[in-house]
Amino acid sequence: MPEGPNRQAGGTVTNEVVPAPAYHRTDRPRPDEAPVTDAPVRVRFCPAPSGVLHVGSVRAALYNWLHARHHGGTFVFRIEDTDAARATEESMRSMIEALSWVGLDWDEGPDPADPLGAERGDHGPYRQSSRLELYTAVGRRLEEAGHLYRDFRTAEELEAWRASARAGGGDGPPVVKASGFRHSDDEVARFTAEGRPASLRLATPETGHVVVDDLVRGEVRFDWEQISDPVLVRSDGSATYPLANSVDDVAQGISLICRGEDLLSVTPRQLLIHDLLVRDGLLDAALDEVGLPARDPAWGAPSSFAHLPMVVGMDRKKLSKRHGSVAIQEFARQGFLPATLRNYLALLGWSHPDGRERLNDDELIAAFDVSGVGRSAAAFDVDKLTAFNGERIRELDPAELSTLLVPFLDGTYGDRLLDDPPTEPQLAVVGGLVPLVQERMQRLDEVQGYAPPFLTAEVALDEASVAKVFTKPGAVAAIEAARRVLADVDWTVEAIEAALRTLPEELSSGFGKVAQPIRVAVTGSSVSPPLFESIELLDREVVLARLDAALPVARAHAPEG
RNA sequence: GGCCCCGUCGUCCAGCGGUCCAGGACUCCGCCCUUUCAAGGCGGCAACGCCGGUUCGAACCCGGUCGGGGCUACCA
């Protein structure tokens, strides 16, 4: 049981590397001897810009953001585009836009207003493609210090070796170790002279084990003999993820690495790299060499890890297009509020100590603690998200909701029902619509189902509604009576209601029987916002015209006799 | 195959040896309210994967088993 001085509120922070015979030095300080307690809280979100940002990534970003805000720390947004073949600017732009939309603001990283250009923060650049020199310098220094070895094997050779090893040809599992992979000095000299390309592998310890003390998983032990020596520098000279990611985490003073569980098994080698980077000031020298900002003296190597459980679909399978909207932008166009996403996603793996679920940012930030995160995979449930969203919409200030609704009516998302730009009267109608629809919407895009009768002169009578309502006795009479009383009533909700309330008695009927035909005639459907308010929102001429237009239809559907 | 992680209602969580014939939220169902649809109120269905062990006592501890997932790339 590792017991070091490295304790921090919220969890044990001892990442012990034991023993370390294969990494050479014995006079170095043990990693757990370095006090890390007063290092400032700095966390990062560092997606690889290929594809779109999905809810799993956003939840990871959210947890990092919450951790930073809770501790008054710094949230860094870094772009990991070391794989030139996969990274695209389109994806990068989209991810920056998505994270901004969700409302997770970062303190250092690309400028959302100028995604491909400006950056903010003193420890950049924040795009790895702009730090290649650093990785090269670090790679060279690591090699000079004897931590790396050259591998001249081609991809085909490696593949063949793996295939046979896996086939159980007596070689055991396919673990790459220096003991079996390091070329002899002669070979190295010869291959180098021939100009054969070589990748650089990190020589990990051949024996012993590492204990990763994870804030969510507890202590996880790995035996070094099971861990392959990772390629740090590709044969074309470019850095791989383990190198670039580790270098940047140390160079940017990241204190807690909080990421997906899929990276848990890769943590041992990163611990080793962090250690090598910090030791003897190797990284500091490289930083200085390439002219990048020096590290803050208060920073240590990342001292805490938190590996978050995966987010899966309702079928427990990996999140995919089949699970609805994968790209975060899709949530925007469907009318989800960013605050809903933040609230819901926070609860996917974590819960407030007192059990409350509807939480605003302040409450989230105040209560969030990574070590309280659960360990099992969580299914993303759109129904619950939707329910949360409906509640939030109801809490919105009407004026704000009115503004939020416009993009769903001006053609930004969905059909265009407003002029460009919207006219004052149109905006007034939208504003008038808000009280009628606010409590019956779960998503903003649902306004598209309510708005047409109020924004277009003509109304199309819904076939099913006509068949259901106009075929009942009394429909024609109700419409005729409504037409008569509405012709000269005061155009206020109260007067309209008072007038229509007299109809049931006159027609010896129930109000429901009278109201439905009128509703269909005026709104086109048997399902609509409240009748009196709907009528009032429309102009008298429009209402009367619609009643007139509906009359022949109602007559045509009227029952015999 | 090897290494690692995970396993409470359909779903997300609570539970951290007795107060649990397991609690909240979403979904679903019923009732109330009601001019439709909603909203709101009330009520209901529904789970500790399995087998052993420890213990006076286990959802909680231990072992095994089964099931799910991750990694096993010169992707990240």
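Reply: Rings of Phe, Tyr and Trp (its six-membered ring) pair if their centres lie within 6.5 Å; planes under 30 degrees apart count as stacked, over 60 as edge-to-face and the rest as tilted. The model is predicted, so local features need pLDDT of at least 70 and side-chain atom pairs pLDDT 80 or more, while totals for chains, interfaces and linings use all residues. Residues are numbered from 1 along each chain as written, chains are lettered from A and ligands numbered from 1 in written order, and side-chain values use heavy atoms, without hydrogens and water.

Me: How many helices and how many strands does chain A have?

Reply: Helices (H or I, at least four residues) and strands (E, at least two) are DSSP runs, numbered from the N terminus. On this basis chain A has 24 helices and, besides them, strands numbering 16.

Me: Is chain A more spread out or less spread out than a compact globule?

Reply: The radius of gyration, taken over C-alpha atoms, is set against the globule rule of 2.2 Å times the number of residues to the power 0.38. For 561 residues the rule gives 24 Å, whereas the radius of gyration of chain A is 32 Å. Along the principal axes, the C-alpha atoms of chain A fill a box of roughly 105 × 50 × 40 Å.

Me: What percentage of the residues in chain A is made up of buried residues?

Reply: A residue is buried under 20% relative accessible area, exposed over 50% and partly exposed in between (1.4 Å probe, protein chains only). Chain A has 561 residues, and the buried share of them is 50%.

Me: Is the pair of Tyr63 and Phe368 stacked, edge-to-face or tilted?

Reply: The ring centres of Tyr63 and Phe368 lie 4.9 Å apart. Their planes meet at 45°, and therefore the pair is tilted.

Me: What angle do the ring planes of Trp350 and Phe368 make?

Reply: Phe368 also pairs with Trp350, and the centres of these two rings are 5.3 Å apart. Trp350 lies in the loop between helix H11 (338–346) and H12, 18 residues from Phe368. The pair is tilted because the planes are at 55°.

Me: What is the relative accessibility of Phe368?

Reply: Trp350 counts as buried because its relative accessibility is 5%. Phe368 counts as buried too, with a relative accessibility of 2%.

Me: What is omega for the peptide bond that joins Asp420 and Pro421?

Reply: Pro421 is placed in the loop between helix H14 (398–405) and helix H15 (424–437). The bond that joins Asp420 to Pro421 is a cis peptide bond, and its omega is about -5°.

Me: Is Asp280 buried or exposed?

Reply: Asp280 is in the loop between helix H8 (267–278) and helix H9 (282–290). Although most residues other than glycine have a negative phi, Asp280 has a positive phi near 60°. Its relative accessibility is 59%, so Asp280 counts as exposed.

Me: What is the relative accessible area of Ser508?

Reply: Ser508 is found in the loop between helix H21 (503–506) and helix H22 (511–523). Its phi is positive, at about 45°, although Ser508 is not a glycine. Ser508 is exposed, and its relative accessible area is 67%.
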